[in-house]
Amino acid sequence: MTTATTTAAAASGANEQAKDGLYKKVFWRIMPFLMLCYVIAYLDRVNVGFAKLQMSADLGFSETVFGLGAGLFFIGYFLFEVPSNILMHKVGARIWIARIMITWGILSAVFMFVQNATQFYILRFLLGLAEAGFYPGIILYLTYWFPSHRRAKVIAVFMSGIPVAGILGNPLSGWIMDAFHQNGGLEGWQWMFLIEAIPAVLIGLVTLLYLDNDVKSAKWLSDDEKKMLQADIDGDQKGKESGHGFGAIVKDGRVWLMCLIYFAFVMGQYGLTLWMPTLVKATGVVGNLQIGLLSAIPFGCAIVAMNLIGRSADRMRERRWHLVVPAMMGCVGFIGAAMFADNTAISIAALSLAAAGVLTCAPLFWSLPTSFLSGAAAAVGIAAINSVGNLAGFVSPYLIGYFKDLTKSNATGMYMLAVMLVVGAIATLVTKPNVVNK
């Protein structure tokens, strides 16, 4: 090896070390805060599943009524998600994400005043409108800071907010409902909605002060650091779709395939997170706090799985099988939960496997569409995929509630979720390895 070659190799190695250090700096600046935001968002989105343990009996809601109300959130989400992401791309992440958090916090608190099914339906729909754009907005925001080959691990960390919300939120919700029951003339579920809404408003205000729109506006980066990051991001965008509008995105078959895959995975995700307290209670567990503590176990398993598999996907630069394997884990977990519904220990083990699978699928999935979309096309495409995919958040809880009323058992709903995960796994294998494995 010549001296010139050795020098060039050393310089390249030093440059990569500098990049790794810079990306760690970016990671620790923005990711803990974004994860905190997502914990609060997800808690306010799914705490209705815990409220159900008291709310349905107090207000006379059937399983179908609850399932429909829980799902209507995603209709509002679907309608406003693409416009929301387009607006964020234009006005900037800082203002738009703050707006989303403050409005959904206020609406979450208003749930304490629900008296009938109609009010429940309307508020769930409005909550979906308010929160629309938060999740796809963050996925888009991360493309401003991290290139494709660093993104799966980062998205996995961000989406760890889902199991963290379950680990912290389920016991917290159970404790609030037991400890505050009938204090001040309010039921425990009313106090839960009020108390858990406050952090969203407060963190929304902090977002205005803390979050930067992009690399260029980050005062905590030097000019040289900004240039290095921007060059990496610009290089990552080459060869991707970036300038097409909504019409072109709709005609892109790859986008519709992404919608199918995500729809299947979201069916499992919300079937699990919205109905977890009910599934645990059905095994014979008594007491809201006890239900909350046991419900936290599957989410703890999910945190470990989603971060280990996310790191592996980035290290190997392989995306498809890193999605198929957790999807099948979720399938087996749901079948086990259905077959051993009256055994608490086996059910918790099965639900832990299901949680590890379905909650791992979502962060790894976003490595697929962001491998061929960027810029304005990414803003529209990510929002469109998330909108269509999240319609599963309407279908899943509604069908589970319907089947529960029809059969007096949760088993049919669990089998349905298992089948959908198989569909998602098969669709994932249809994608081209040379396009998504980056």
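Helix H12 (residues 253-282) packs against helix H17 (residues 392-407) at about 50°, with axes 8 Å apart. The model is predicted: local features need pLDDT of at least 70, side-chain atom pairs count only at pLDDT 80 or more, and totals for chains, interfaces and linings use all residues. Residues are numbered from 1 along each chain as its sequence is written, and side-chain values use heavy atoms, leaving out hydrogens and water.

**H12 and H17**
- The crossing of H12 past H17 is right-handed.
- On the H12 side, the contact (heavy atoms within 4.5 Å) includes Phe 263, Met 267, Tyr 270 and Trp 275.
- H17 contributes residues including Val 395, Pro 397, Ile 400 and Lys 404.
- By class, this contact has ten nonpolar, five polar and one charged residues.

**H18**
- Helix H18 (residues 411-430) has 20 residues.
- H18 reaches 30 Å from first C-alpha to last, close to the 28 Å expected at 1.5 Å a residue (1.5 Å times one less than the number of residues).
- Buried residues (under 20% relative accessible area, 1.4 Å probe, protein chains only) in H18 include Met 414, Leu 417, Leu 421 and Ala 425.
- The buried residues of H18 pack against H12, helix H14 (320-339), H15 and H17.

**Ala 349**
- Ala 349 lies in helix H15 (residues 344-365).
- Ala 349 counts as partly exposed because its relative accessibility is 48% (the class between 20% and 50%).
- Ala 337 is twelve residues from Ala 349 in sequence and 8.2 Å away in space, C-alpha to C-alpha.

Definitions and conventions. Helices (H or I, at least four residues) and strands (E, at least two) are DSSP runs, numbered from the N terminus. Axes are lines fitted to C-alpha atoms, for helices over the stretch in contact, and angles run from 0 to 180 degrees between N-to-C directions. A crossing is left-handed if the near helix is turned anticlockwise from the far one by less than a right angle, and right-handed if clockwise. Ala, Val, Leu, Ile, Met, Phe, Trp, Tyr, Cys and Pro count as nonpolar, Asp, Glu, Lys and Arg as charged, and the others, Gly among them, as polar.
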